[in-house]
Amino acid sequence: MALPQLLHSPQSSSSASSSSSFISPKPHLRPAHNFLSPPRRRRRRRHSLSCSASKSDDVVELPLFPLPLVLFPGAILPLQIFEFRYRMMMHTLLHTDLRFGVIYTDASTGTADVGCVGEVVKHERLVDDRFFLICKGQERFRVTRLLRTKPYLVAEVAWLEDRPSAAGQLQDLDALADDVEAYMKDVIRLSNRLNGKPDKDVQDLRRNLFPTPFSFFVASTFEGAPREQQALLELEDTAMRLNREKDTLKNTLNYLTAASAVKDVFPST
């Protein structure tokens, strides 16, 4: 279900580079509930990667695929690849470990230096040598060194993991995740009402996920706001990510509540 573009989400800017025509206009990140659209902030750098054996437990070489979207751990990403250099990359990946780095890029801000590994879980080679892929987000990474740019980007990357919250900022993560889920349910219900959909109970959104993977799931639903998603991807603190998502959901709920009130007064608008 898609909500109206959010007008009351956190401010941000992003880093990314121009996106080329290497995917088809298929739905990009389509998690189970894609109903939000907020904005955001981040850093800048230009990269690209290609898969290779790891140099250590923390540093690997990875092929990069710049895209105008943000992939999160656990999210599903369908892609159709037809640009020649990325078809070359796919031929290589099919003989290695089927993993590449998805990294956000846009024309105004450039290419991000934090991305997420996409693992090919299903692929189909089409008659004209195009590929249709189903990928699943795995671990996050930060580009530490660009190794080559042709025929496609390959970089050295280091893995990212959420760190424990700073002393004095500890929160009950489970309670915070439950709060975020409650706001999500309210947003879905109100969005359904505004869109004339049946008013029914919203199912369990958290699905027994621990707070960190749940925070990534929530971020993946902020479709239409890739810069905000990139900001959430780059955070290395689960509590900070959940709190930011909670603020965005509260702002969205306030906006939808106002829109619902207007609709009640002026039913034809």
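The secondary structure of the protein chain consists of five helices and six strands, where helices (H or I, at least four residues) and strands (E, at least two) are DSSP runs numbered from the N terminus. Read from the N terminus on, the elements follow the order β-β-α-β-β-β-β-α-α-α-α. The model is a predicted one, in which local features need pLDDT of at least 70 and side-chain atom pairs count only at pLDDT 80 or more, while totals for chains, interfaces and linings use all residues. Residues are numbered from 1 along each chain as its sequence is written, and side-chain values use heavy atoms, with hydrogens and water left out.

Of the 269 residues in the protein chain, 49% are buried. Here buried means under 20% relative accessible area, exposed means over 50%, and partly exposed lies in between, with a 1.4 Å probe and protein chains only. Contacts, defined by heavy atoms within 4.5 Å, were also grouped by sequence separation. Among the contacts in the protein chain with a separation of 6 or more, 76% join residues 24 or more positions apart.

Several pairs of residues illustrate such separations. Leu 67 lies in strand S1 and is buried, because its relative accessible area is 0%. The C-alpha atom of Leu 67 is 5.2 Å from that of Tyr 104, a residue 37 positions away along the chain. Leu 71 is located in the loop between strand S1 (59-67) and strand S2 (76-81). With a relative accessibility of 1%, Leu 71 also counts as buried.

Ala 158 and Asp 58 are 100 residues apart in sequence, and their C-alpha atoms are 5.5 Å apart in space. When neighbours within four places in sequence are left aside, Ala 158 is in contact with Asp 58, Arg 140, Phe 141, Arg 142 and Thr 144. The loop between strand S5 (131-148) and strand S6 (154-160) holds Pro 151. The peptide bond leading from Lys 150 to Pro 151 is cis, with omega near -5 degrees.

The packing of two helices was examined next. The axes of helix H2 (residues 173-194) and helix H3 (residues 211-220) come within 10 Å and cross at roughly 25 degrees. Axes are lines fitted to C-alpha atoms, for helices over the stretch in contact, and angles run from 0 to 180 degrees between N-to-C directions. H2 is therefore roughly parallel to H3; angles under 35 degrees count as roughly parallel, over 145 as roughly antiparallel, 65 to 115 as roughly perpendicular and the rest as oblique. On the H2 side, the contact is made by Leu 173, Asp 174, Ala 177, Val 180, Glu 181 and Met 184, and on the H3 side by Pro 211, Phe 214, Phe 217 and Val 218. These residues divide into eight nonpolar, no polar and two charged, with Ala, Val, Leu, Ile, Met, Phe, Trp, Tyr, Cys and Pro counted as nonpolar, Asp, Glu, Lys and Arg as charged, and the others, Gly among them, as polar.

The loop between H2 and H3 includes Arg 206. Arg 206 counts as buried because its relative accessibility is 8%. Not counting residues up to four places away in sequence, Arg 206 touches Asp 174, Ala 177, Asp 178, Glu 181, Pro 211 and Phe 214. Arg 207 is found in the loop between H2 and H3, and is partly exposed, with a relative accessible area of 44%. Its phi is near 50 degrees, a positive value in a residue other than glycine. Asn 208 lies in the loop between H2 and H3 and counts as exposed, at 75% relative accessibility. For Asn 208, phi is near 65 degrees, again a positive value in a residue other than glycine.

In helix H4 (residues 226-234), seven of the nine residues are buried, so H4 is largely enclosed by the rest of the structure. The buried residues of H4 are Glu 228, Gln 229, Gln 230, Ala 231, Leu 232, Leu 233 and Glu 234. An unreviewed UniProt entry lists residues 225-259 as "coiled-coil region"; UniProt positions are given in the numbering used here, feature names are shortened, and annotations may be inferred rather than shown by experiment. Over residues 225-259, the chain is 89% helix and 0% strand, and the end C-alpha atoms lie 20 Å apart.
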